[in-house]
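Subject: The structure for you to look at

Hi,

Here is the structure I promised to pass on. Have a look at it first, and then read on for what turned up.

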Amino acid sequence: MRRRHVLGAGLAIAVAGMAGSAMAQSEIKIGEINSYSLLPAFTEPYRKGWQLAVEEINAAGGINGKKLVVISKDDGGKPADAQTAANELVSSENVAMLTGTFLSNIGLAVSDFANQKKVFFLAAEPLTDAITWSKGNRYTFRLRPSNYMQAAMLVEEAAKLPAKRWATIAPNYEYGQSAVAVFKKLMSEKRPDIQWVDEQWPPQGKIDAGPVVQAVAAANPEAILNVTFGADLVKLVREGNTRGLFKGRSVVSFLTGEPEYLDPLKEETPEGWIVTGYPWYDIKTPDHDKFLKAYQAKYSDYPRLGSIVGYQTIKAAAAILAKANSTDPEKLIAATEGLSMPSPFGEITFRKIDHQSTLGAYVGKTALKDGKGVMVDSVYRKGADYLPSDAEVAKQRPQ
Amino acid sequence: MAFYFVQFLTGLASAASLFLVASGLSIIFGVTRIVNFAHGAFYMLGAYVAFTLTERFSGALGFWGGIVVAALIVAAVGVLVEMVLLRRIYHAPELFQLLATFGLTLMVQDIVVLIWGPDDLLGRRAPGFRGAVDFFGQNIPSYDLFLIALSPIVLGGLWLLFQRTRWGVLVRAATQDRDMVAALGVNQKWLFTSVFALGVFLAALGGALQIPRDAVHHALDLRIIVDVFVVVVIGGLGSIIGAFVAAVLVSELNAFGILIFPKISIILVFLVMAVVLIVRPWGLFGKPEAAARRTPGLTVNPWRPLTSGERSMSIGALVLAAMLPLFAGNYALTVGSEIAIFVIFAASLHFLMSVGGLASFGHAAYFGLGAYGVAFLAKAAGLPMIVSLLLGPLLGLLGAAVFGFFAVQLSGVYFAMLTLAFAQIVWSIAFQWVAVTGGDNGILGVWPDKWAAGPASFYWLSLAIAALAVTVLRVIVFSPFGFALRATRDSPLRSEAIGIDGKRVQWTAFVISGTVAGIGGALFAYLKGSVFPDSLGISLSVDALVMVLLGGVETVSGAVIGAIVFKAANIWLVSQTDLSKLVLGGFIVLMVVAFPKGIVGTLEAIRNRRRSSEPKSALATSRIEVAE
């Protein structure tokens, strides 16, 4: 009785599996995975970005005459589901490569899958250093500037501050922990006179901001490093503003200048925080102008950083496929290593040594303008300038 | 000194919002016995609706009016849900309502994104409570003071309502003895509806009052629901005072705990709950649950082993399932393996729930421990797959033996919550102990050996182990041990009187169940090639519950069907649509209404009704059920 259902379900799956196996010769398929249902605030602009890129690529004649098709899957924010999706894309859809992912653990799961199944994977957003270093593999490349790079960019500014007593607030998971660890290490190298007086580790997404703000204030630091983002950041900023935590203290903050995180703060935006981010309103380069115009024309909305990442991920994928002129993973790897290409932020290169792209980020200060948070005095920092020496990188990567 | 006082007040302010939501949940549970998983969803809806109203109408009246109106609107939605959905399933097996409310929660998560968009929304600050009050150089937000004042007022209001009104008397009576209230001729329908409305109102009010402090976003519900459950259980189910004290306790421990252990927030509530439940099994202010007036043997159709015809049919189905690799592709086979693994997992929980009568809310702990066991053995010790697969589940066994010992001292929802606490403790160890477990970046590269690496071989392996696990569990059900376990479930007193050591029997069942779950987890690690703390997480535990309930908790092997249907639907929907939660939630709600005893349970009931020419008719059975 009960096993008959096993068969029924099995048959249904089998039929579904076979339907997708036919592949048109005139198109190239890319598989894309991201946390669309869990993190819509970041993945929606990201999706718009890559859709724009697909449109542009196909309007310009596709990849060596073949039409580019992106098949996109949701991972629900779970590494196990991301692997199911990756498997479907590779086994049933026969995609030429995998791209995407936002969360670090999902990026790592897919990268491990790619390594095992010998599939090319271009990680879009995950920030963890592990994906290109300690757990790096030859099938995985990463577009976004890593945790280390963002930390190095911030340290450059933070070291100029007179502050000697520092406190940290970071979400209690790998991203927060490694961001604080790298920042502390680089900072203490530049400024041996610094003291770390307090650290707070609220659970990601569940910050109890009042007690955290009080605890930090009690340690009386001169400067604060913040790594929280999203809803946690909103709560932290609100409590901090009300309780005067940020008054007379310097704050250095990861990612807070990205519109995804800055815009929800509206009139609560604290002024003068040193942040990494994406001031789309302030970037006056021809590359970016072109992107901005196309994006606004298509969506009548402004781009977030996710839009840039999504756009550039697919542009990079297309450039790789065009150069390799093949879907063989080995040829794709050979084509990507050392490949340079334009991006809205200027030229970027995929490094041969660790498969990290040299895409950079903007570093600037937060300010309040017409009741909205903006980044001012922002300068583009090239990713290539904020990576450790080749010898150090080689030591970290498994051989 | 001023600092500690202010930190204390800050803790009280955090307690206030927790208390509002928890009191609602406690009232609903006390009267209707519904484990309202959707309580967090109502909290979130309250925040969203209040955001819209307070943005629309300015001024003090607009703000405060908006908050109250938002709570009323959401309460109306709650009434609708109760009347349309929950009323249909009050007579379904215990916990079945959890399934319905879980489906609703999934739907609401997608619906709020559809209505309000994906961005985090920043609500207004409360008029008159924007700033802070200076207290010896420390700033206390005036809104915190407002919240601190509000919660005793709400507490007092509820106390008056319950002590001084006829409705309150009925509610208290129903909390104490539902059947007697019904027997005395009180219209239960409206009592339940009004209680549900009040509970939802409090939840929505709690959510609405957060908008000056928090961002409104679509994950608010999950953030609060578990904490609220914990608070309610620490305080004692159905006790409003208990909820208040527990909320204060948890918030204050957190406020001061982070001064000494900054990383404690992630685990604190669960530690407190585990300690409280071990010391006081019914929470701080709770009373032992009155023995349910169940007449065992009449409500549950007596189980019987498969007839020879059914047995050969099962074997035939298994053989057919084993032929899948002949015509299916790699992806289908991998999905098939995953489903087989979840059949093992669901069957293990089902054994504990149906046969043992112990509903575990933290069963993923043993699944995940099995997975981590394999990962440690394969990665750290470098053992071959067969050995890891055999030894890995022992970690699940160990966990089940330790936690089970404490958990079986409790029963009902308290048992469920203690298992949840243990699962969360294990989860946070895996999450925090980065040096050993890799934290949330997990352990990678746990791939199967060559002989099992092909999708077909792995599928056969999973299918064989699943078939073996289900068969073994069935054999146990019909063994003397199984009868002893069922006796303990049906009547602890009578079974003890005939010499069954109930706790020991339940503990053994817990260990068996945990070990089988560990086997599932061990296979899962090899299927995915990696292990993450997710495999210990709440959402996986809830998935397992859903599979069991969907299959039918009063059946012998309903979980098998439940797991296949749920997992297949889940994988397919996630692949097909970004709105998978909306569709899956809707699907679950429909299933709940269509199959109030679970899929297999309902099918069996229909079959029995058709067959029963005997006097022992299904009609008599259902009458007795209604009388409960």
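Is helix 3 of chain A mostly covered or mostly exposed, and how many of its residues are buried? It is mostly covered, with 14 of its 14 residues buried. Please keep in mind that this is a predicted model, so everything below describes a prediction.

**Helix 3 of chain A and what follows**

Helix 3 of chain A runs over residues 79–92. From its first C-alpha to its last it reaches 19 Å, close to the 20 Å expected at 1.5 Å a residue. Just after this helix comes Asn94(A), with a positive phi of about 50 degrees. That residue sits in the loop between helix 3 and strand 3 (97–100) of chain A, and a positive phi there is worth a look, as Asn94(A) is a residue other than glycine. Asn94(A) counts as partly exposed because it has 15 C-beta neighbours inside 10 Å.

Further along chain A there is another residue with a positive phi: His355(A), at about 65 degrees, although it is not a glycine. You will find His355(A) in the loop between strand 12 (348–349) and strand 13 (361–369) of chain A. With 25 C-beta neighbours inside 10 Å, His355(A) counts as buried.

**Where the chains meet**

How many residues of chain A are in contact with chain B? There are 74, and they are in contact with 75 residues of chain B. On the chain A side, helix 1 (residues 2–19) gives the largest share, 13 residues. Sorted by class, that side of chain A has 30 nonpolar, 24 polar and 20 charged residues. For the complex, the predictor gives an ipTM of 0.86 and a pTM of 0.88.

**Chain B as a whole**

Chain B is built from 29 helices and six strands. Its C-alpha atoms fill a box of roughly 75 × 60 × 50 Å along the principal axes. A compact globule of 628 residues would have a radius of gyration near 25 Å, and chain B agrees, because its own value is 25 Å. Of those 628 residues, 60% are buried. Among contacts in chain B with a separation of 6 or more, 79% are between residues 24 or more positions apart.

In soluble globular proteins, nonpolar side chains tend to be buried together. In this model the largest nonpolar core has 362 residues, and the members that touch the most others are Ala204(B), Met273(B), Val343(B) and Met417(B). Helix 14 (residues 330–355) of chain B supplies the largest share of this core, 18 residues.

**Where to be careful**

Which part of chain B has the lowest confidence? That is helix 29 (residues 618–627), at a mean pLDDT of 40, whereas helix 24 (residues 502–528) has the highest, at 96. Over residues 614–628 the pLDDT is below 50, and the stretch has 16 contacts in the model beyond near neighbours in sequence. Residues 295–299 also have a pLDDT below 50, with 10 such contacts. For chain B overall, the mean pLDDT is 88, and 95% of its residues reach 70 or more.

Notes
Residues numbered from 1 in each chain as written. Chains lettered and ligands numbered in written order. Predicted model: local features only at pLDDT ≥ 70, side-chain atom pairs only at ≥ 80, totals over all residues. Contact = placed C-beta atoms within 7 Å. Helix = DSSP H or I, 4+ residues; strand = E, 2+ residues; numbered from the N terminus. Nonpolar A, V, L, I, M, F, W, Y, C, P; charged D, E, K, R; others polar. Expected span 1.5 Å × (residues − 1). Buried ≥ 20, exposed ≤ 12 C-beta atoms within 10 Å, placed from the backbone. pLDDT = per-residue confidence, 0-100. Rg over C-alpha atoms; globule rule 2.2 N^0.38 Å. Core = buried A, V, L, I, M, F, W, Y, C linked by C-beta atoms within 7 Å.
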